[in-house]
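Q: I'm new to this one and would like a close look at a single part. Could you take me through it slowly?

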Amino acid sequence: MKKFTLKHVFEGFRSTVQQPSSKPEHVSIVETLHQDHFQVAKTVRHGFPYQPTAVAFDPIQKVLAVGTKQGSIRLIGRPGVDVHVRHESEAAVLHLLFLINEGALVTATADDFIHLWNYRQKRPEIVHSLKFQRERITCLHLPFLSKWLYVGTERGNIHVVNIEVFHLSGYIVNWNKAIELSRKTHPGPVVHLSDCPVDPGKLLIGYESGQLVVWDLKSKTAEVRFQSAEPLKSVTWHHEGKQFMCCHTDGSLTTWMVKQTGPKPTSIIFPHAKTNKEGKQETCKSIQKVEWKCSKTGESFVIFSGGLTNDRAGRTPSITVIQGKTTTVLEMEHNVVDFTTLCETPYASEFAEPYALVVLLHNDLVVVDLHTQGYPCFENPYSMDLHESPVTCCTYLADCPADLIPAFYSVGARGHKRQGFSEREWPICGGEWGTMSCSYAEMIITGHADGSIKFWDASSVSLQVLYKLKTAKVFEKPKTRSIDGDEDPFAIQHIFLCPESRFLCVAGATSHVILFKYSKQETISEISCLEIPIVYDVYESGDCSPEYEFPPRPSLQVAHSPHHTSAAGENTNKKASDKKGPSQSQNNRKKPGASLDYFVPIHVRGGAQKKGSGYQAELVCLMPWVEGEPPGPITALAINSSYGLLSYGNENGLVIVDYIAKSCLLNMGTPDLYGAADPYQRVPRSPKRNESSKEEERCKSPSSDQKDASNCSSPVPGSCTTPVHTSTTSPPHCSNSSLNATYTVNITTATTATSTVSNTNCNGDRSCLKFFRSPFIIIDKLDGSFSRSRSSSISSLENISSEAIQCLSFVDSYTRKNDTQMAPTLWVGTSLGSVIQVMVSIPPPETRATTPATVSPSGTIFRLKGTVLAMSFLDCNGALIPYQYESWKDANKEKKLERTPTKSLVDNRMSPTNSGEQTWGDRQFVVIASEKVARVVALPSQNCVYKQIITEVSFVVKAEIIQIKDSVCLVCYIATGHISVFSLPSLRQLIYVDFLPLVDLSFQTRKTGIVDPMLSIWGQQMFVNEDTDQIARTFCFTNYGHGMYLCSPTEIQKFTLASDFCKDMQDMLGELFLPCDMPEAPKQSFFKGLFGGGISQLDREELFGEASGKGSRSVAKHVPGPTSQLESLNVRAGTVAGDINKTRMQLVERGQKLGELEERTGKMMNEAESFSSAAHQLMLKYKDKKWYQL
């Protein structure tokens, strides 16, 4: 008898399984990206400097400098010339001083450093630094055309610094020598230093207590002392040098004569003081700063900030201009930080001829025209109104259609009325533009808290506003305004723009979605509105054992509005034009026979509305409150103009709207999308526990991992068992030479087996979608563990209260394993790592206008670990598949529905997948990135061909699939502050670089400083409140390797990943410094020179140089700049070269001397020979003669 074994049983099973009929096909994909193509660098910064502290102006170079509390400096020239630099210590900038017309800037920071910046190059750098160790810096003064810097300190001393070498001079003015001997108290910190305009040997010292000293630098004595009755804030000289003016904390201005004999000032005025009914003078606020300028016409300008009366709290900040006998108060919208007067000449002894006033406010930069009557403001050409309302989300588009930016500019300029501004040219006009610009257009779209949307031209290194759209005009004005701290009901949370069709879709804070259509003409029409609730219920009690069989879930029960098209009711197919205006009541409403109450907090304006040119609202989707529970915020948004569909989701479910038919196609809770095979145990959603559950989940750690999926899901037919190519994330410094070579990916695909999935009973009928419970579902287990969201650290075995829709993508793709034809689909990614396919059926073009589309979940699900962040599709050659769109048509022309692929940055290498002849092999790849992992899945076989662990101990904040260098890659910003780039489709890591700490962006979250204790164990400093959703909404990647993020509440920072762009960046940046001739010095009058009173000369080198001795090293320490090492090497090299040259010259000189010596020796030899010959001849002559014959 034949013996049966387990082996024979398995062989029998194998023989019954249908084997694939085709052999595997090997597809070779060439990946051209390598490490040398990438270089992460910050490029330009736009917006208003956040928390400014100081301002300075170079009157010859026409360049403005603004310092901030974070240690940043913005150097601004003409529009388009804007450079941002930052101190490494990030200490607040307290003082700014230009070395006029020398291309240098001196800064004093809160950590008692003095820095010298060189901005002659395009990227300014620190040349020298000086650290004061014992005293805190309170005041700086640098005379024009001088290299000696006066430094006042908190202790009341004045030091002198040589700015050429940044060494401290031995000359010092001690506070105890400056004050009178009879004074028994300390005068306080030095608040003012300046030299006399006509006598640089006289230094005016102002102390906080009101002590004023005119110090003679030559004699080192106090020439005259004054004591004001009130504390001192600022001092300014008259250009003749005979008197000066002070401002004080009591709102007074005092004038002092230098040679006066009395102890009191010559005049005391209170410019804004009033006399009350009792005859007493009202108190005034402090005057912070004063400047005294004169013009050649004889009129004087006294300009100061503050000084208004204290008659009521919260008085408007102001700048006062006293011109002659006329006093003008300029009220400001924000607090005044600093101001400076722009004058024609830098010489203090001449008539200043002021022509403009730069006022630095807390949230704005205002430039006032002093030559025009009424002092109008100049129109600011910079992008400093970015924060006019707080930025809540951003979208960055590169390579826009050529006609898009001109279209926005035309409607924006039409609605922009330039009134009330000065007609004179903008006075800050220094520098020149770069010599190179980008060949493609870039656009940034910002959404704001007040519901406004701004479109910006961000091409190259500039940022110019194009068009502003106010979405709040679509709605009726709310009766009650939001309380401080509450989010504005119209705040923009998501923006989706289809550049080719010019459809714009935005999602607001009240869970509303608005669809805008672009039009060049004004129109009058009604705005269609749909109220679409998402309601799902979960069985609340019963046996939870695995053997327990749950009853069928209840169907969606939706209340209907009498005046709005409901989402899931019997009025779904009704035309929006048949509806009346919105309901005027905000009270709870209940349809007879329905079980749910709901209301909407905002209402669309009813009736025909006049719509200006530009974006016009076409459709509004409102998500009402149900049973007193607010709908969750919208978390994802997508639109496809070719399908005519709009989709959005929140933390509860998904909505699909046909905006052509003005009807809702689907509104489902996320659990309903799974059907009967939902692997999660859902807990009942109750309005009473909503807030508490959110708070509990918010405080949970984002670092906890998910548990294995097999513990809670039953075996499902059609599960993927194909082996997966696994690659692990490389460490930051593990790159090798092989990454620089062309990389070829061999992908093995096989024919798919016959699917066991049956068709659902819906048959395209939308009426049964609310009852959808398909018993068949395919779960493709791409990861062995369940995902988790950042907002909650729940595992698969814990109770799930919500699953948010995080990612949406319309695409023509495959829905079944045996599909040979692509069909319109919607791919949905959730916060628990599920990717769900929804099938879309589009009517033929001839009936599209009257017949709505139909949708139904396909039953195919992919699952990853972590929240799904991005999805994109590649063809069989690894090229990005362009999405479908309907081209924009002018309203005056006939509209034609065209399904045209969008403009692609790469060659369209897509194979003809729609052909019926080719029925084997994978013809598409879907790239799915979550906050933990990335997967590349082949379609239609649904085989995971590549996977990559992006991070294990952290999570991805933002992920995007972009095009660069005619290739495609996955870019991720990780919460550790790193940027990681992966080649596609192999998911081979290209770079992993440290870029930006996440804590630097924590200002966008409502609570800061919360640190997960588990993460602190691992050395990671992360905050877990509010997740990072808000940061992700303002952090963008786009094509060509560009990116941007909101670096402060008032600024955006652009950066690049492309090494080619970094090389061209130097040519794109403008020049700040241009060689300019120094203005001619004022000529001294003959009579002034004859009788005195002219400008005296001072040899500061003699006073402060070597003769004064060396400064104490304990007071200040010199810190070399970043370029000092190179300079020292150059000096050393120059010294060695000089020594060698010197030795060579000495050798040459020695040779010359030896040659001369040889010549002299030869000459002496010749002379000796001639002398010997003459002596011999003389001897022969007298040889035979007697002595008497001589």
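In which loop does E90 lie?

A: E90 lies in the loop between β6 (82-86) and β7 (93-99). Strands here are DSSP runs of E with at least two residues, and helices are runs of H or I with at least four, both numbered from the N terminus. A quick word on the ground rules: this is a predicted model, where local features need pLDDT of at least 70, side-chain atom pairs count only at pLDDT 80 or more, and totals for chains, interfaces and linings use all residues. Residues are numbered from 1 along each chain as its sequence is written, and side-chain values use heavy atoms, with hydrogens and water left out.

Back to E90: its phi is near 60°, a positive value in a residue other than glycine. E90 counts as partly exposed because its relative accessibility is 44%. On that scale, buried is under 20% relative accessible area, exposed is over 50%, and partly exposed is in between (1.4 Å probe, protein chains only).

Loops hold another backbone feature, the cis peptide bond. The bond from L939 to P940 is cis, with omega near 10°, and P940 sits in the loop between β59 (933-939) and β60 (943-949). The bond from L984 to P985 is cis as well, its omega also near 10°; P985 belongs to the loop between β63 (978-983) and β64 (988-994).

Now for some side chains. Lysine turns up again with K42, whose charged end sits over the ring of F995, 6.0 Å from the centre. R78 lies over the face of W433, at 5.6 Å from the ring centre. To count, NZ of Lys or CZ of Arg must be within 6 Å of the ring centre and within 35 degrees of the ring normal.

As for cysteines, a search of the whole structure finds zero disulfides, a disulfide being a pair of cysteine sulfur atoms within 2.5 Å. C284 counts as buried, since its relative accessibility is 8%, while C377, at 29%, is partly exposed.
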